[in-house]
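Me: I have a model open and want to walk through some of its contacts. Can we take it piece by piece?

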Amino acid sequence: MKRLTVSTALLTSLALGLVPALAGCSGERPVAPSDRAAAPGGTATGASPVKGGRLVYGLGADAAGFNPVTDQFAAVSYSMAGTIIETLVGVSASGEWKPVLAESLTPSRNADEWTIKVRPGITFSTGEPLDGKTVKANLEAQKASPLTSAAFTPVGSFELVDPMTVKVKLTGPWVAFPYHLAAQIGMVVPPSSLADPKAASRKPVGTGPFIFKEYTPGSRMVVTRNPAYWRKGLPYLDEVEFRILPDTQTRAQTLEAGGIDAMGTTRDDDILKFGALKDTYTVKRAAGMSVPEYMFMLNTAAPPFDDLRLRRALAHATDRAAVISTLRGGLTEEADGPWSKDSGWYAPGGDYPAYDLERAKALVAEVEAEKGQVSFEVITPPDPNTMQGIELAQDMWRKAGVEVRIRQVDQADLVNRAVTGDFQATVWTQFSASDPDGEYVWMHQNYAGPVGSIALNFSRLKDLRLSQALDTGRSNPQDDVRKQAYATVQQRLRELVPYVFVDHLSTGAVIAKTKVGGIGEHLLPDGDKGVPLTGAPIPYHPFSQVWVGNP
């Protein structure tokens, strides 16, 4: 097969947390406490916010750049760039979209047009005004960008209605359109950044609570208080330093030693260890729609997984409870679809194959009687923690009579193989969009091209009922109709098994010293609580309402 080269930036920009899984630790673990967060207020004492101070925050990777039009954005990008560049829309703790830089977003009767009224009186830190012309220019740049254009496929054109109003004309109804403006494609930069994208990539400018101070690639980024920030009284902090510490153990040791005040992690060891020290640390864990799913993605358009029986056999042979107890310390819950039970979109029932080794053996024997010995290759990034999960699954599948080979490839190659269909099975983590419509391109049959072509539906599953349900969820404004549509999506995924689901990765967490308050407890401009943690596998959160009290 001729290999096609695909920018991983395109993929990462379209969904939060679209990355191969890197979670898991070895050995039996004690069961963690059931609580997921400290008391309201962000500290063990529930103290009130304090003005001033400096926060040092540990991140597990550097950003690829800070220009939302040209650079790949992952969770760490949102942590750093999000202090400076704001979005048109936010998401509330109840899962509703809310205006931020937009004053309002109003759909036409059938939601095939959306009118965005820009919030007045806001300026960028350069002094350039935020207005309709600037918002329109940003949206047009995102639609034209090879990085993010796929997210704007349903968008026909943009019209400047008046100096503060932009109309978005769609090719069809899209009721969840505002949710997409809560992420990278909804970030707004000034005209000067659009005119000089290279400078914007290294020295970001926005309307946000902080202003860029300095950046050393691979080491740190520092931002300082924006004295002219449009939300009065914010931010609380004078300065935030983001320190890049890729090694998880080193990051945890630096927190213990006092070198950083807070950090993100996915390690169950960290959650258990720091969670037990409630007088010294707080632990905030991802929940609801922010939690991605750990799974094995199967290529349904190529042998051997073009045979449904073998896909179901693999699921029957996967002991999800054993994976959770062995690799997660009992911290996570079994998954049977793309949304967890606390997401609001979860629908029980369906036909997902429960662990049943004898049934798995019978299905494998049935396939082998027709086609010969069953074998396949699973690809994985060369990460020791990930390998533990792969090897555990390999042992389970071999017990069902399937010969499994493991091939390690670097992450860029793994994503390239997924996009072009050059794989049989791969470890994968996905599905943490704030609204189910955010998963449309990953599941709809219109995005499932033949093997060898570039396709965003990586499993290449083509199912009319599944696709029709996704279309209904995208176009119908009634909540009960949307919920039924996404119940159908879950049902079809359970029946057709393009993914062997394992668990909901709720080990994504932010751990901080108790002197740090406000993490994941911010208010949106209208006064509603914002969604606490967003993104995957390590979540992120706003910093405008984070504060540091006395040690």
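Me: Which residue of β9 is the bridge partner of Thr-216?
Reply: A note on the basis comes before the pairing. This is a predicted model, where local features need pLDDT of at least 70, side-chain atom pairs count only at pLDDT 80 or more, and totals for chains, interfaces and linings use all residues. Residues are numbered from 1 along each chain as its sequence is written, and side-chain values use heavy atoms, with hydrogens and water left out. In β9, Thr-216 has as its bridge partner Arg-220.

Me: In what sense do β8 and β9 pair, and over how many bridges?
Reply: Strands are DSSP runs (E, at least two residues), numbered from the N terminus. Two of them pair if DSSP finds at least two bridges between them. For β8 and β9 (residues 220–225), the sense is antiparallel and the number of bridges is six.

Me: Which strands stand at the edges of the open sheet?
Reply: The sheet has seven strands with mixed pairing, in the order β8-β9-β10-β1-β11-β19-β12. An edge strand here has a single partner, so one side of it is left without a neighbour in the sheet. The two are β8 (210–216) and β12 (281–285).

Me: What angle does the direction of α8 make with that of β12?
Reply: Helices are DSSP runs too (H or I, at least four residues). α8 (residues 268–275) packs on the sheet and touches β11, β12 and β19. Contact means heavy atoms within 4.5 Å. Angles run from 0 to 180 degrees between N-to-C directions, with axes fitted to C-alpha atoms, for helices over the stretch in contact. For α8 and β12 the angle is about 140 degrees.

Me: Are α9 and α11 roughly parallel or roughly antiparallel?
Reply: The axes of α9 (residues 308–317) and α11 (residues 357–371) come within 8 Å and cross at roughly 155 degrees. Angles under 35 degrees count as roughly parallel, over 145 as roughly antiparallel, 65 to 115 as roughly perpendicular and the rest as oblique. The two helices are therefore roughly antiparallel.

Me: Is Ala-81 buried or exposed?
Reply: Ala-81 lies in α2 (residues 75–81). Leaving out residues up to four places away in sequence, Ala-81 touches Phe-66, Phe-73 and Met-187. Buried means under 20% relative accessible area, exposed over 50%, partly exposed in between (1.4 Å probe, protein chains only). Ala-81 has 0% relative accessibility, so it counts as buried.
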